[in-house]
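Visitor: I'd like to learn how to read a few features off a model. Could you take me through them one by one?

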Amino acid sequence: MSEIVKELLYTGKAKDVYKTGNDDEVIIKFRDDITALDGGRKDTLSKKGEYNALISAKLFEVLEEHGVATQYIRLVEHNEMLTKSLEMIPLEVICRNIATGSLLRKYPFHRNQRLDPPVIQFDYKNDVYHDPMLNDSIITALKIATQEELDKIREITHVINKVLYKFLNERGLILVDFKIEFGFDKEGNIVLGDEISPDTTRLWDIETHDNFDKDIFRKGEKGVVDAYHRVVDLVLTEEEKEKWNVEKVEL
């Protein structure tokens with residue numbers, strides 16, 4: 001990291017964003033902080049930030065290989081990612097393949113019901129309003145995005161879901177649902193940003209349906225870091241584990 005000069009730009013719940021000497025690039029630092037229940041539950045878990053950075057980097061690389069534009073450039077440390085600078089769109093885009101979590105509390109779906117086609121929803125990324133769900137009319141009325149941009153975001157999200165579902169399924173994980181964010185690059189293109197990690201996805205073991213994600217923390221159970229470590233072990237190649245000195249998971 002010595003070759004990159006950093007200046008803190010933004011601090012979030014679990015990540016910091018730093019300016020660099022290049023206006024077109026920022027550093028995203030994944031911290032060990034973890035929160036749930038709208039900030040009602042908090043903790044700091046050693047190596048959690050490192051594992052999220054490694055997983056996010058790998059999944060961004062997979063998506064880039066399949067033609068999905070992301071802000072990712074490269075990992076510069078175990079928990080720090082060099083990325084393109086984006087003007088973020090204040091939307092959380094949630095894609096659901098299986099009915100669980102808040103979907104069961106709010107709607108009459110059956111538990112673990114397969115959703116075909118997947119359900120895509122938009123939430124307003126705003127702590128003051130507690131991230132409410134939005135429809136297209138509200139989004140366009142608030143001038144958050146145009147209808148054309150929303151259609152493009154949906155199209156990209158379906159591609160992301162298809163690519164990652166297959167990639168993770170081949171490694172013994174079910175992609176239950178995930179939350180992603182988009183932004184505009186300097187040319188005005190819509191680009192995937194932020195992270196894709198166990199903090200922002202639900203991942204189940206393909207055989208047992210055990211959780212390998214933040215739901216463990218939401219439930220107040222132990223083993224969060226072990227679960228994240230297991231995901232790292234499943235998605236990274238042996239060469240990638242060696243490069244980043246990732247210890248093997250004891251089964």
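Visitor: Which helices and strands each supply at least two residues of the lining of the largest cavity?

Guide: General idea to begin with: rolling a probe the size of a water molecule over the atoms shows where empty space is left. On a 1 Å grid over the protein atoms alone, a cavity is a set of points where a 1.4 Å probe fits but cannot get out, while a pocket is an open set with protein on both sides within 12 Å along at least five of seven lines; lining residues have an atom within 4 Å of a point. Here, α1, α4 (147-169), β12 (173-184) and β14 (201-205) each bring at least two residues to the lining of the largest cavity. Those labels come from DSSP runs, numbered from the N terminus: helices are H or I with at least four residues, strands are E with at least two. The model is predicted, so to speak of local features we need pLDDT of at least 70, and side-chain atom pairs count only at pLDDT 80 or more, whereas totals for chains, interfaces and linings use all residues. Residues are numbered from 1 along each chain as its sequence is written, and side-chain values use heavy atoms, with hydrogens and water left out.

Visitor: What is the volume of that largest cavity, and which residues line it?

Guide: Its volume is about 50 Å³, where a volume is the space filled by probe spheres set on the points, and grid points are joined across faces, edges and corners. A search of the whole structure turns up one cavity of 30 Å³ or more. The lining is made by I55, L59, L164, L168, L175, F178, I196, S197, P198, T201 and L203.

Visitor: How does that lining divide by class?

Guide: Into nine nonpolar, two polar and no charged residues. The classes go like this: Ala, Val, Leu, Ile, Met, Phe, Trp, Tyr, Cys and Pro are nonpolar, Asp, Glu, Lys and Arg are charged, and the others, Gly among them, are polar.

Visitor: And the second largest pocket: which element gives the most to its lining?

Guide: That's α4, with four residues. Both α4 and β13 (190-193) supply at least two. This pocket holds about 170 Å³ of space, and its lining includes H66, K152, E155 and I190. By class, you get seven nonpolar, two polar and two charged residues.

Visitor: On to rings. How many aromatic pairs does the structure hold?

Guide: Three. Rings of Phe, Tyr and Trp (its six-membered ring) pair if their centres lie within 6.5 Å; planes under 30 degrees apart are stacked, over 60 edge-to-face, and the rest tilted. F60 and Y72 are a stacked pair, 6.2 Å centre to centre with 25° between the planes. F60 lies in helix α1 (residues 48-65) and Y72 in strand β6 (residues 72-77), so this pair ties together parts that are 12 residues apart in sequence. Both F60 and Y72 are buried, where buried means under 20% relative accessible area, exposed over 50% and partly exposed in between (1.4 Å probe, protein chains only). In the Y107 and F109 pair, the ring centres are 6.4 Å apart and the planes at 70°, so it is edge-to-face.
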